[in-house]
Amino acid sequence: MDGVSITDLYRIKGLSQPWATGLLTFFVENGLSQENNDYTANIYSVDQHHHVKQYTNEGLNLQPLVVDDYLYFRKQDENQHFQLMKMSINGGVAEQLTTGDSIAQIKLAPNKQALFFKTVQTPVKNDDELTTRHVDKVQNRADGIGWIPTDNHYDLIRFDLKSQTTTTIWTGTEDFSLEDISPDQNQVLFLTAEHPDWTSKFDESLAVYLYDIEKQEKIWLTKSFSDGVFSDAHFSPNGQQVTVIGSDYSHYSATVNQLYLYDLNDMHVQNITGNDDLDVGYEHSIGSDMIQNRNGISGAWLTNSQYLFQAYDHGHSQLHIWDGEKPTLLTDDRRDIIDFTVNDNQEVVMVTSSTERPAELKTLNLLTGQETSLYNPNQEYEQSHTYAQVSSFYYPSTDQNVQLQGWFTKAQGTNDQAPLILYIHGGPHAAYGDTFFHEFQALAAKGFHVVYFNPRGSTSYGEAFATDVMGHYGENDYDDVMAGLDYTLNHFDGINKDNIFIAGGSYGGFLSAWTISHTNRFQAAIVQRPAIDWIGLYTNSDIGVPFVEQEMGMDLYRDEGAAQYYWEKSPLSHANKVKTPVRIQHGELDRRCPVSQSEALFLAIKSTGTDSDYIRYPKSYHGLSRNGIPSLRVQRIEDIVEWFNRYA
């Protein structure tokens with residue numbers, strides 16, 4: 001059977017956003033359209049007998065939820081706005097319930113009498129190319145967006161399901177994330193930045209607030225974490241307690257996320273998990289190029305004294321239940337639980353992914369622990385295609401201080417001695433894991449082994465592990481990937497040791513560039529959207545000042561010797577030593593690692609006479625390989641294969 005081709009990116013489907021209601025489970029099936037060169041998201045249902053029904057068939061259709069016999073969801077219209085739709089669960093034509101401003105989120109009130117949603121009002125753009133832009137905040141742009149809007153309005157709306165009428169709860173100029181509605185519909189939980197008025201400093205906080213609709217006042221729930229970053233908040237069924245997921249952000253994005261419990265009667269806060277080795281929630285998710293439209297809801301109340309939540313540990317997902325006293329591990333399979341929901345407090349419906357299975361909808365019985373597969377969107381595809389074998393392994397660090405995890409994707413084909421690509425993840429506070437990666441499967445089908453590791457700096461191995469790289473870039477992290485390479489060459493058969501390549505993006509671009517400036521053992525390299533020059537990144541990235549200050553361990557202007565240290569830790573300062581042929585790939589609209597980083601690296605390497613070229617991808621942000629224009633995602637992988645084949 002065939003392996004996974006590069007263009008199979010258009011054929012393989014993903015799943016997300018399950019919504020369980022009795023005997024039916026609704027979900028979103030995600031894909032990419034080659035014909036329209038864009039993304040698709042359609043709503044389906046499946047029953048306990050595996051009968052599947054499709055409700056939508058074009059465009060983006062998200063956040064399905066069911067009340068009585070009606071399906072409600074958000075659909076993107078011709079103006080790129082999302083509108084609220086209603087359809088009978090028996091099928092038929094969907095009815096559009098709203099017009100105008102785009103609906104960004106919808107939440108169902110616990111009594112199922114109303115929907116609450118956030119709308120975004122964006123003023124009509126002035127198309128005059130000579131219109132000036134007045135910038136007065138240092139935090140003024142964001143990757144994937146461009147310039148941060150300064151004149152949007154954000155409303156919280158209540159939609160009565162019986163009368164089909166709307167009531168505006170509040171309107172404002174500050175963005176927020178709607179999290180939950182209280183049982184009596186009089187309170188809402190939302191996330192928002194703590195310091196929207198700051199102009200000379202970056203505000204990376206994301207606080208949890210409770211808004212009392214009747215009193216028209218808000219309470220800062222996470223005030224004791226003054227610079228905290230939170231991602232989830234949920235009322236208990238009786239409305240007396242609130243769970244929140246997040247951290248005090250004391251170690252920047254390397255800080256482990258915990259689960260906290262707030263008693264709304266006395267505002268006492270309790271750390272439920274209290275475990276620096278367990279990363280709660282989806283903010284530190286493991287890397288994949290197949291996940292779209294994730295709900296990202298990390299927990300759900302089962303009763304007033306039981307809470308189900310997701311966490312990451314050693315590169316895979318876990319489910320835990322807190323019983324009012326302590327958390328208990330529920331599942332520990334090697335996979336990624338992409339999204340989940342609770343059905344009647346006895347069953348979890350979840351979307352899972354593993355290294356050799358892109359997506360699957362499953363049920364988990366909370367009483368028996370039995371899992372049942374409901375739906376595999378790629379079942380037909382898998383009848384004529386075989387996935388490359390992926391093996392997980394551990395190896396010791398060079399200094400013998402830690403055990404490190406890696407994955408080996410075996411090349412397909414008839415070549416007994418296949419070339420090997422060492423691939424480095426971004427972040428650095430991110431992680432590879434037990435989930436499906438189309439790119440690695442496609443490279444394996446092209447005859448390349450692919451090996452990837454979680455060096456120190458990666459998440460899901462505890463806070464000490466994640467913070468190790470901070471202030472020490474190019475040290476233990478470099479040793480860890482090189483030790484992993486040596487382990488791979490010594491423990492896996494069928495590798496052509498004369499054809500070893502290296503690739504990586506973002507932080508992986510930094511470390512791959514750093515590596516080839518410190519060793520000549522690779523035949524060729526691909527450096528993608530890299531962090532090359534820390535001084536340039538500090539001044540030009542959308543997160544430059546706080547990110548570089550925290551990751552380098554000193555501030556460019558406040559700390560003596562910082563500029564020299566930044567330069568010494570920049571691959572650009574070592575680029576004259578690079579003898580490895582290098583192809584550089586970068587999206588032209590990248591705000592995270594601006595394209596000037598790659599331009600500087602290309603100039604430095606090319607001027608030494610080392611073979612190098614540089615590919616710029618139009619209309620592409622930092623996330624090109626995950627959520628960029630589909631045809632350019634395909635082109636990017638083809639460019640990787642072409643370069644490595646040139647030197648194989």
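Helices (H or I, at least four residues) and strands (E, at least two) are DSSP runs, numbered from the N terminus. The exercises below concern a predicted model, in which local features need pLDDT of at least 70, side-chain atom pairs count only at pLDDT 80 or more, and totals for chains, interfaces and linings use all residues. Residues are numbered from 1 along each chain as its sequence is written, and side-chain values use heavy atoms, with hydrogens and water left out.

**Exercise 1. Describe helix α7 and find what its buried residues pack against.**

Step 1. Take the helix, residues 544-552, and list its buried residues (under 20% relative accessible area; exposed is over 50%, partly exposed in between; 1.4 Å probe, protein chains only). They are Gly544, Pro546, Phe547, Val548, Glu551 and Met552.

Step 2. Look for packing partners, with contact meaning heavy atoms within 4.5 Å. The buried residues of α7 pack against α6 (534-540) and α8 (562-568).

Step 3. Go past the end of the helix. Gly553 follows α7 and has a positive phi, near 85°.

**Exercise 2. Locate the second largest pocket relative to α7.**

Step 1. A pocket is an open set of points on a 1 Å grid over the protein atoms alone, where a 1.4 Å probe fits, with protein on both sides within 12 Å along at least five of seven lines; lining residues have an atom within 4 Å of a point. The volume is the space filled by probe spheres set on the points, which are joined across faces, edges and corners. For this pocket that space is about 460 Å³.

Step 2. Count the lining: 21 residues, of which Phe202, Glu204, Pro546, Glu549 and Gln550 lie nearest the centre.

Step 3. Assign the lining to elements. α7 gives the largest share, four residues.

**Exercise 3. Identify the largest nonpolar core and the surroundings of Tyr566.**

Step 1. A nonpolar core is a set of buried Ala, Val, Leu, Ile, Met, Phe, Trp, Tyr and Cys residues joined through side-chain atoms within 4.5 Å. The largest has 106 residues, and Tyr423, Trp534, Tyr566 and Phe644 have the most contacts inside it.

Step 2. Another core lies apart from the largest one; it has 17 residues, among them Trp170, Val188, Tyr209 and Ile213.

Step 3. Leaving out residues up to four places away in sequence, list what Tyr566 touches: Trp534, Ile535, Tyr538, Val548, Glu549, Met552, Met554, Asp555 and Leu556.

**Exercise 4. Is strand β16 buried or exposed, and with which strands does β16 pair?**

Step 1. In β16 (residues 187-192), six of six residues are buried. Gln187, Leu189 and Leu191 lie on one side, and Val188, Phe190 and Thr192 on the other.

Step 2. Two strands pair if DSSP finds at least two bridges between them. β16 pairs antiparallel with β15 (residues 177-181) over four bridges, and Asp180 stands opposite Leu189. Five residues separate the strands of this hairpin, and Gln185 there takes a positive phi near 65°.

Step 3. β16 also pairs antiparallel with β17 (residues 207-212), over six bridges. Here Gln187 stands opposite Asp212.
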